[in-house]
Amino acid sequence: MATQTIAHGEQQRVNYLNWKTTVASWLFTYDHKRIGILYLVSITIFFLLGGIAAALIRMELATPKGDLLTSDVYNKMFTIHGVLMIFFFLVPSIPAVFGNFVLPMMIGARDVAFPRLNLLSWYFFMVGALLATIALVKGGIDTGWTFYTPYSSSFAKGEVSLAIVGVFLAGFSSIFTGINFLVTIHKMRAPGMTWFRLPLFVWAMYATSLIQVLGTPVVAITLLLVAVERSLRIGIFDPNLGGDPILYQHLFWFYSHPAVYIMILPGMGVISEVISAFSKKRVFGYHFVAFASLAIAIIGFLVWGHHMFSTGQSIYASILFSFLTFLVAIPSAIKTFNWMATIWKGRVHWEAPMIYALGFMGLFVIGGLTGLYLAAMATNVHLTDTYFIVAHFHYVMVGGAIMAYLAALHFWWPKMTGRMYPQSWAKLSALLVFVGFNLTFFPQFILGYMGMPRRYHSYPEEWAALNLLSSAGASVLGIGYLLPAIYLVWSLKYGRVVTERNPWGARGLEWELVDTPPDPHNFERTPIVTRPAYDYGHPEEPTGIIPKPRPVVVGGKDG
Amino acid sequence: MSVKEAEVLEHGTSLAHPAHEEILGEQFETLEQQNNAYLIGMWAFIVQEVLFLGAIFAAYGIYRLKYLHEFTLAHKELDWVVGGINTLVLLASSYTMARAVRAAMQNKHGRQILYLGFTLFFAGIFMFNKYIEYSKKYEHHLIPGWGYDAHAIVEHGEKKKILEPLPDGNYKIKLETEKTVTPEEFKQRTQLFLGFYFILTGLHGLHVLVGMIAIGVLMVRAYIDYKKRKPVADYMPVEMVGLYWHFVDIVWIFIYPLLYLIGR
Ligand code: HEM
Ligand SMILES: [Cu+2]
C-alpha cells in the first residue's frame with residue numbers, strides 16, 4: 001500500500017475539500033471532516049469576539065481608576081468574555097473541531113456513527129451562539145458566566161433568558177457530539193483496533209464524551225429553571241421567594257466543574273499525540289495515561305463543592321470535597337510525568353506543534369498546582385474570589401486548553417489543508433504566547449494573594465504596577481494569537497503544498513493510510529489495524545493496512 | 001495478526017447482504033454494527049435524559065423535605081384518580097408499543113401499524129386527561145406566575161381540617177406535626193409545589209408529544225413498506241422509538257407517586 005493507487009495526476013485527486021465546492025455542499029455536509037472545519041471557522045469568530053472583550057477588560061485595568069469603562073459596562077464586558085469563551089469557544093474547541101476531524105480516521109472509520117446528528121449538533125451550536133451573542137451584545141447581561149442566582153433570576157435586567165436559551169442549545173449540541181463520539185468509539189473501530197491500540201487522543205475523547213453526556217443535561221435544566229424563575233417568579237433559587245440560591249450553585253458546579261475537564265481532557269489527548277510524534281517514542285505508560293483520562297472524568301464528578309467552600313456549605317461536605325479535589329489532581333500529575341518520561345531519551349524534533357505542546361506542559365503544571373492551594377480549605381478562604389482564582393483558571397484553560405488547541409491546529413493543519421505554514425513564524429508565535437501569557441497572568445497570582453478581588457473595574461493605587469504589567473503582557477499574548485491567524489490563512493494560498501501523507505513522520509492511521517488532504521471517505525477500504533499506537537520502535541511495520549479489494553460479485557467493472 | 005484479521009485481509013472486508021444494502025448507512029460495514037450503534041446511541045440519549053430530569057426530581061425532593069407541610073397540602077389539589085387512570089393508560093401504551101416492536105421485527109407491517117395506532121390512541125387519552133387537569137388548575141387560579149392565588153388550597157385545607165386560619169392572618173398546617181406560616185409564605189411555597197408540578201408534567205408531556213409525532217412518522221413509514229411489500233424493512237427506528245417510549249412511561253411512573261400519591 002506504499003504507493004498511491006490513483007491513476008490521475010496529483011492535482012486532480014479527489015479530496016474532501018475539492019470534490020464538491022458549493023456553499024450548500026458545506027452547509028448540508030454529513031462529512032465529519034467538513035463539519036470539523038465548520039466548527040473551526042465558527043468558533044474562531046467567537047474566540048475573536050471574546051478576545052475583543054478581554055482586550056477591553058485589560059485596557060480598563062491598566063490604570064487603577066475606572067476611567068475607560070463604567071462599572072456597568074465593565075460587568076457586561078466580563079460576562080461577554082466569559083460566556084463566549086467558555087460555552088462557545090473552549091467547550092466545543094478540540095472535541096468539535098479535531099474530535100470531528102481526526103477521531104474517525106484514527107480508529108479507521110469512514111465517518112462518525114451518526115453523521116446527520118453531527119451536522120444537527122453544529123446547527124444547534126450556531127443557533128445557540130447567535131442567540132447568546134445577540135443577548136450579550138444588545139441585551140446587556142452582567143451576571144458573569146456563572147449566572148449566579150438570585151442576581152440572575154430576580155435582579156439582573158437585560159436579556160438573561162435569551163442568553164440562557166443560547167447556552168441551553170449549545171449544551172445540547174455538546175451532548176449530541178458526546179453521544180456521537182461514544183458510539184463511534186464503541187462501534188466504529190476498524191478490525192484489529194482493540195481498546196488498547198487506540199491512540200490516547202481517542203481515550204481522552206471517550207472520557208470527555210462521558211462528561212458531556214452526564215454533566216451537560218444538568219446545567220441545561222438548571223439554567224432553564226433560572227429562566228422559569230425569571231418569568232414566573234416561582235421561588236426555586238431566590239430566597240425572597242422561598243428558594244435556595246445554594247441549590248443553584250450545587251447544580252451549576254455539578255456540571256461546571258466536570259466541564260473544566262471537557263475543556264482540558266481533549267487537550268491532554270492532543271499533547272499525548274504531539275509529544276510522542278515529535279519525540280519519536282511510544283507514550284510512556286500508555287495504560288496509565290488512558291486510565292488517567294477515565295479517572296479524571298469519574299472523580300471530576302465528585303469535587304464540585306470546592307467552588308462553594310465559603311458559601312456556608314456544611315464543613316463536613318467541604319472536607320470531603322477538599323479531599324476528593326486533591327485526589328483528582330493525581331491523574332493529571334500522572335499524565336504530566338508520563339509525558340516527561342516520553343520526551344526523555346526521545347529523538348526530539350523541535351517543530352512548531354512540539355513547542356506549543358511544551359508550552360502546554362509548563363503552563364498546565366502551574367495551573368494545576370495552584371488548584372491545590374484552592375483545594376485546601378484554609379487557603380481557599382483567603383484566595384477565593386480574588387485574582388488568584390482568575391490566574392489559576394486562565395493557566396489551565398488558556399495556558400492549558402488553548403495551547404493544546406494551537407498544538408493540534410499546527411499538528412493537523414497540513415493534513416486538513418494540504419499546506420504547510422512557515423515553521424519559524426509558528427515557533428515565534430508559540431514563544432510569544434508562552435511569554436505573553438506568563439506576563440499577563442503570573443502577576444495576577446500575586447495580586448490575588450495580596451487580596452485584589454475579581455470583577456471590579458477599579459482598584460487601589462498600590463496594585464497599579466502589577467496590573468500594568470499584566471495589561472502589557474496581554475498585548476504580547478494578543479500578538480501571539482493574531483500571528484497564527486495571519487500565517488495560517490496565508491498558508492492556504494502561499495504555503496508549501498503538502499502531498500505526502502505523513503509530513504511529520506508520525507504514527508497513526510490518519511498519517512499512514514489517509515491521503516493529504518483526506519479522501520471524502522478517508523480510506524479506500526476499511527483498514528485492518530495490526531500494530532498498537534505509537535509503534536515508533538518498529539518503523540518498518542505500518543500501524544494498519546488496507547485490505548485487498550473485495551472479490552467481484554456479479555458483472556461489476558472492478559473492485 | 002489474529003486469524004480473523006488474516007481472513008479479512010485475504011477476502012476483503014465483509015460484504016453487506018444485498019437486501020440490506022439500502023438500509024445500511026454508508027458509514028457502517030454490517031447491519032449488526034449499525035443496529036448496535038443505534039441502540040447504544042439511544043441508551044446514551046436516555047441516560048442524558050435521566051440526568052436532565054433527575055436534577056428537577058432532586059430539587060423537588062429537597063424542597064419537599066424543606067416545606068413538607070405546604071407541599072403536602074398543595075399536592076392534595078392534584079387529582080390522584082385522573083393521574084391513576086393516566087398511569088394505567090401509559091402502561092397499556094407501553095404494552096402495545098412492545099407489540100409493535102415485535103411486529104416490526106417480524107416484518108408484519110399491518111400488525112405493526114395496528115399496534116402503533118393503539119399506542120397513539122392511548123397517548124392521546126393521556127394528553128386529553130392532562131388537558132383536563134391543567135384546565136382545572138387554570139379555573140382554580142393555580143397556575144404559577146399567571147394570577148396565582150392560593151385560595152382554592154386554603155378552602156380545600158379547611159374542609160379537610162388540616163389547615164386552620166389564625167386570627168393574626170397566618171395559617172396553621174396540621175399534619176402529624178404542626179407548622180405556622182404567613183400568608184406570603186403560604187402562597188410562595190404552595191406555588192413552588194405547583195411550579196414543580198407544571199415543570200415536571202410539562203416536560204413529560206412534551207416528551208409524550210415528541211413520542212406521538214415519532215409514532216405517527218413510523219406509521220407512515222410502515223404503511224409505505226406495506227404498500228411496497230418490502231421483505232426486509234429496517235425495524236430499528238421502531239425499536240428505538242419503543243425504547244424512548246418506555247423511558248417516557250417510566251418517568252411518569254416516578255412522577256405519579258412523588259407528586260400525586262405520597263402524603264395523601
Ligand atoms: C489540577 C487540578 C485542579 C484543581 C485541584 C483545581 C481546583 C480549583 C478550585 C478549588 C477552585 C475553586 C476556587 C474558588 O472559587 O474558591 C477552582 C476554580 C476554577 N478552576 Fe480549577 N482546579 C484544577 C484544574 C482546573 C482545570 C483543568 C480547569 C480548566 C480547564 C480549571 C478551571 C477552573 C475555573 C474556571 C475555576 C473558577 C470558576 C469561577 O469561579 O468562575 N481548574 N479550581
Ligand atoms: Cu472546579
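How many Å separate a nitrogen atom of ligand 1 from an N or O atom in the side chain of A:His392? I looked this up in what is a predicted model, and I found 2.9 Å between the nitrogen atom of ligand 1 and the side-chain N or O atom of A:His392.

**Entry on ligand 1**

I then turned to the other residues around ligand 1, where I counted 20 in the surrounding shell, with A:Trp145, A:Asn380, A:Thr384, A:His392 and A:Arg454 as the closest. For A:Thr384 I noted a polar side-chain atom 2.5 Å from an oxygen atom of ligand 1, and for A:Trp145 I noted a side-chain N or O atom 3.1 Å from an oxygen atom of the ligand. Sorting the shell by class gave me 11 nonpolar, 8 polar and 1 charged residues. I also checked which helices take part, and in chain A helix H9 (245–279), helix H12 (352–375) and helix H14 (387–417) each supply at least two residues of this shell.

**Entry on B:Lys76**

In chain B I looked for B:Lys76 and found it in the loop between helix H3 (68–75) and helix H4 (80–105). Setting aside neighbours within four places in sequence, I listed its contacts as B:His156, B:Lys160, B:Ile162, B:Gly263 and B:Arg264. The C-alpha atoms of B:Lys76 and B:Ile262 are 9.9 Å apart, although 186 residues separate the two along the chain.

Technical notes
Residues numbered from 1 in each chain as written. Chains lettered and ligands numbered in written order. Predicted model: local features only at pLDDT ≥ 70, side-chain atom pairs only at ≥ 80, totals over all residues. Heavy atoms only, no water. Helix = DSSP H or I, 4+ residues; strand = E, 2+ residues; numbered from the N terminus. Contact = heavy atoms within 4.5 Å. Near = heavy atom within 4 Å. Polar contact = N/O pair within 3.5 Å; in protein donor to acceptor, adjacent residues only side chain to side chain. Nonpolar A, V, L, I, M, F, W, Y, C, P; charged D, E, K, R; others polar.
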